[in-house]
Amino acid sequence: MAVKVDADACVGCGTCVDACPLGALEIVDDKATCDESKCGECGGCVDSCPTGALSM
């Protein structure tokens, strides 16, 4: 199961994008989005998010 983004909690800072080694995350319209086909489910982005907007 790929990472899920809580759009209400996401502030679009991009920290998760930098933390993702597979390039599965990007910022679109000031919110993080995940390309599930690229997500390796490592959780690095979840741990990096300062607002807790990401979950597995």
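Q: How do the residues lining the second largest cavity divide into nonpolar, polar and charged?
A: That lining has 9 nonpolar, 4 polar and no charged residues. Here Ala, Val, Leu, Ile, Met, Phe, Trp, Tyr, Cys and Pro count as nonpolar, Asp, Glu, Lys and Arg as charged, and the others, Gly among them, as polar. A word on the source: this is a predicted model, where local features need pLDDT of at least 70 and side-chain atom pairs count only at pLDDT 80 or more, while totals for chains, interfaces and linings use all residues. Residues are numbered from 1 along each chain as its sequence is written, and side-chain values use heavy atoms, with hydrogens and water left out.

Q: Which residues lie nearest the centre of that second largest cavity?
A: Cys10, Cys13, Gly14, Cys16 and Cys49, out of a lining of 13 residues. Its volume is about 70 Å³.

Q: What counts as a cavity?
A: On a 1 Å grid over the protein atoms alone, it is a set of points where a 1.4 Å probe fits but cannot get out, and lining residues have an atom within 4 Å of a point. Grid points are joined across faces, edges and corners, and the volume is the space filled by probe spheres set on the points.

Q: How many cavities of 30 Å³ or more are there in the whole structure?
A: The search finds 2.

Q: New topic. How many helices and strands does the chain have?
A: There are 2 helices and 4 strands, in the order β-α-β-β-α-β along the sequence. Both kinds are DSSP runs numbered from the N terminus: helices are H or I with at least four residues, strands are E with at least two.

Q: Which strands pair in the antiparallel sense?
A: Strand E2 (residues 25-28) and strand E3 (residues 31-34) do, over 4 bridges. Two strands pair if DSSP finds at least two bridges between them. One of the contacts joins Glu26 to its bridge partner in E3, Thr33.

Q: And what goes on in the hairpin between E2 and E3?
A: There are 2 residues between the strands, and Asp29 takes a positive phi near 55°.

Q: What about salt bridges, how many are there?
A: The count is 1, taking a side-chain nitrogen of Lys or Arg within 4 Å of a carboxyl oxygen of Asp or Glu. Lys4 and Glu36 form it, at 3.5 Å from N to O.

Q: Why would that pair tie together separate parts of the chain?
A: Because Lys4 lies in strand E1 (residues 4-5) and Glu36 in the loop between E3 and helix H2 (44-48), parts that are 32 residues apart in sequence. Lys4 is partly exposed, at 36% relative accessible area.

Terms used
On a 1 Å grid over the protein atoms alone, a cavity is a set of points where a 1.4 Å probe fits but cannot get out, and a pocket is an open set with protein on both sides within 12 Å along at least five of seven lines; lining residues have an atom within 4 Å of a point. Buried means under 20% relative accessible area, exposed over 50%, partly exposed in between (1.4 Å probe, protein chains only).
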